Amino acid sequence: MSVPIKPLTRRPAWKALASHFQDVKRLHLRELFAADPKRGQRLTTEAAGLFLDYSKNRVTDKTLELLVRLAEESGLRDRTEAMFRGDKINITENRAVLHVALRAPKDASIVVDGENVVPKVHAVLDKMAGFCQRVRSGRWKGSTGKRIRNVINIGIGGSDLGPVMAYEALRHYSDRNLTFRFVSNVDGIDLVEATRDLDPAESLFIVSSKTFTTLETMTNAESAREWLLKGLGGNARAVRDHFVAVSTSADKVSAFGIDTANMFEFWDWVGGRYSMDSAIGLSTMLAVGPENFRAMLSGFHRMDEHFRTAPFDRNLPVLMALFSIWYNDFFGAETVAVLPYEQYLKRFPAYLQQLTMESNGKRVTLDGATVNYATGPIYWGEPGTNGQHSFYQLIHQGTRLIPCDFIAFGRALTPVGRHHDMLLANVFAQAEALAFGKTPAEVKAEKVPAWRVPHQVFEGNRPSNTILAERLTPEMLGSLVALYEHNVFTQGVIWNVGSFDQWGVQLGKVLAQRIIPELESKDTPRLKHDSSTNNLIRRYRKLKA
């Protein structure tokens, strides 16, 4: 892997962008559209079933040219090929980064440490499909002979956020004879509420942990096992009929009581937040069936190929990443709002929070130097018109610049009267209002009292992307997730940060392991933390007593 020779702020395109920004920072979208009547048709592109209208971004043709040049100077094409090739681009852990292999066709060849990994990927997919067909058909029986009707996925981070997002997104295609629950929080309430109304004899747990040592996941798994055995008379052999594992640690899976024949493998070159299309997606395949799961993988692959081959100025993930960098590093925008006008995508913003912020929330470059520019904007959002009656006020009239991604579909999966037309009208209206606003003259023309005019003015000039697809199918979900995966990768390449490690999550975990025995000790522990932490531990022990 080749790291760009020049630091980001010394690259010619970056310097040119900094100068250009001074020329265009006050340019209004009203002016840009007035000067180019065909801007709305011209600044669009399409790939893998997704149509992107980026005309409402605060960019000129010169801006776009310089942003593309920045991607080129940052070595994006070489870094992309290195990832797809299987090079170990996760340098702090010496690992390849090959989520793209999870959706590669059977005849592809991606070599890691001298071995083509694609046959292994498809072997696991086939094993998953066979298992899912047995459960969905009722041939897989619980220990009492009853068929499985409840599936509880236990994981955390990518082992939860991906599966729960995909389940909600594809619920329209799910088997309604099965109930799905997702447990991630080590707060016992999460597990208690997930299992409260379930029959243990009809329940199947999927425990997802690469090492089978993840504290939160294994604590929940052990409590789930206790719940199951209590409900089934204490026969430990029942675990084999009601638990399966997604892991790489056969010894620990077996010690837990799970038959290793029901362990589904993934690899160290699959990062947690990039794993929803691996065996981590077992609950997704159970819900929607192997055929729909493979259709989702096809959508991922279509976007992978577009990202890998398309020119940067027509490349959806690259363009969206460049706009994020433009706003984050030049306008000082600190967040991006993701606004899906599709109720089935209600967990998509939460999924993106981990994908984006765990990847690029970094303060040092790949060679360990402290960055002197902003990285990792905060991603957030809510679905559809819910947000309009919540936080859109701040986006429209607040003091912060918040670029928005609107996501919508031309056809409703569940048509009800006028609902979908009204929903899409709101998508288009909000993007229009953010871009063009409402001037004082326009407010006055409505005979608004003079004292109230300032309150009803909309400044506009708030940028947005609009992503449209025909409808939310498994394939479209794959394309959409891959769009953001490669968007994140592109940002990381330009910032020259490691997007595929997450050392920032480690320190809190280590300290928690030290504190747990201090909370559970029957004797008063000798505390060696700071005065605040010591005081909080003592107060908790009193409350607990």
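## Helix H1 against helix H14

Axis angles of 65 to 115 degrees count as roughly perpendicular. In this predicted model, helix H1 (residues 12-24) and helix H14 (residues 316-331) cross at roughly 75°. H1 and H14 are therefore roughly perpendicular to each other. Their axes come within 11 Å.

On the H1 side, the contact is made by Trp 14, Leu 17, Ala 18, His 20, Phe 21 and Val 24. They meet Ile 325, Trp 326, Asp 329, Phe 330 and Phe 331 of H14. By class, the H1 contact with H14 has nine nonpolar residues, one polar and one charged.

## Helix H5 against helix H21

Helix H5 (residues 76-85) packs with helix H21 (residues 474-495) at an angle of about 125°. The two axes lie 10 Å apart.

H5 contributes Leu 76, Arg 79, Thr 80, Met 83 and Phe 84. Facing them in H21 are His 486, Phe 489, Thr 490 and Val 493. The H5 contact with H21 has five nonpolar, three polar and one charged residues.

How far apart are the end C-alpha atoms of helix H22 (residues 506-520)? They are 22 Å apart. With 15 residues at 1.5 Å a residue, H22 should span 21 Å, so the two values agree.

H22 also has a kink of about 25° at Arg 514. The proline Pro 517 follows shortly after Arg 514.

Conventions
Residues numbered from 1 in each chain as written. Predicted model: local features only at pLDDT ≥ 70, side-chain atom pairs only at ≥ 80, totals over all residues. Heavy atoms only, no water. Helix = DSSP H or I, 4+ residues; strand = E, 2+ residues; numbered from the N terminus. Expected span 1.5 Å × (residues − 1). Bend = angle between axes of the 7 residues up to and from the residue. Axes fitted to C-alpha atoms, helices over the stretch in contact; angles between N-to-C directions. Contact = heavy atoms within 4.5 Å. Nonpolar A, V, L, I, M, F, W, Y, C, P; charged D, E, K, R; others polar. Parallel < 35°, antiparallel > 145°, perpendicular 65-115°, else oblique.
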